[in-house]
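Visitor: I'd like to learn how to read a model like this one. Could you walk me through it, feature by feature?

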Amino acid sequence: MLKQNLDTVNAILKELIELTEQDIEDIQAAKHGGVGASVEKKEQLIAQFTRAKKQLDSTLVSLNNSSPKGLSEVLDEEDKQKLDQLKKNLQTLHSKNKEYAKFVLIVKDFLDGLVNTMFDDGTNRAYGDKKITPESIFKMQV
C-alpha cells in the first residue's frame, strides 16, 4: 500500500513539474492560448495530490504506530528511495514554481507599463478607481 501511495504522489508531482516547465516555455515564446487549460489541469492535479498525500500520511502514521522500532526500521530500501524521490520532486516543483512566478511578474510589469503609457491617468485609473467615460478610454498618449 505504501509503495502504491508513493508512486501515485510522485507521478502527480512529475506531471505538475512538466506542466510548469511547459508554462515557462510558453511564456518565453509568448504563447498565451493554453494558459486557461493549463491552470485548470494544475488545479485538478493539486486536488489529486492533496488526496493522495493524505492517504500517504495516513499510511505512514499507521506504519509508525504499528512498530515500536520506528518508521526508519519498518521501511525497506525501495520505500526509502521513493520517499527520497518525493522530496526531490517537491524541491524541483518549488524551484520551477519560483522560476514561473518570476516570468509572470515580468509579464505583469510589462503589461502594467503599457497600460500606464496608453492611459493618461495610469494603471489605477484604467482599472476602475475613477469613473471612466468612453472618450477617456480611447484617449491615448502618442
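**Starting from a lysine**

Guide: Let's begin with Lys-82, which sits in helix H4; helices here are DSSP runs of H or I with at least four residues, strands are E runs of at least two, and both are numbered from the N terminus. Keep in mind that this is a predicted model, where local features need pLDDT of at least 70, side-chain atom pairs count only at pLDDT 80 or more, and totals for chains, interfaces and linings use all residues. Residues are numbered from 1 along each chain as its sequence is written, and side-chain values use heavy atoms, with hydrogens and water left out.

Visitor: Is Lys-82 buried or exposed?

Guide: Buried means under 20% relative accessible area, exposed means over 50%, and partly exposed is in between (1.4 Å probe, protein chains only). Lys-82 has 15% relative accessibility, so it counts as buried.

Visitor: Which residues is Lys-82 in contact with, leaving aside its neighbours within four places in sequence?

Guide: A contact means heavy atoms within 4.5 Å. By that rule Lys-82 meets Lys-3, Leu-6, Asp-7 and Asn-10, once neighbours within four places are set aside.

Visitor: And which residues form a salt bridge with Lys-82?

Guide: The general idea is a side-chain nitrogen of Lys or Arg within 4 Å of a carboxyl oxygen of Asp or Glu. Lys-82 pairs this way with Asp-7, with the closest N and O atoms 2.8 Å apart. Since Lys-82 is in helix H4 and Asp-7 in helix H1, the pair ties together parts that are 75 residues apart in sequence. Asp-7 itself is partly exposed, because its relative accessibility is 41%. Lys-82 also has a salt bridge with Glu-78, at 3.3 Å from N to O. Glu-78 and Lys-82 are both in helix H4, 4 residues apart, or about one turn of the helix.

Visitor: How many salt bridges does the structure hold?

Guide: There are 11 of them. Another one joins Lys-3 and Asp-76, at 2.9 Å between the closest N and O atoms. Lys-3 is in helix H1 and Asp-76 in the loop between helix H3 (71-74) and H4, so to speak distant parts of the chain, 73 residues apart. Salt bridges link Lys-3, Asp-76 and Asp-79 in a network.

Visitor: What does Lys-42 make a polar contact with?

Guide: A polar contact is a pair of N or O atoms within 3.5 Å; within protein, one must be able to donate a hydrogen and the other to accept it, and residues adjacent in sequence count only if both atoms are side-chain atoms. Lys-42, found in helix H2, makes one from its side chain to that of Thr-20, at 3.5 Å. Lys-42 is buried, because its relative accessible area is 13%.

Visitor: How many helices and strands are there in the protein?

Guide: The protein has 6 helices and 0 strands. Of its 142 residues, 25% count as buried.
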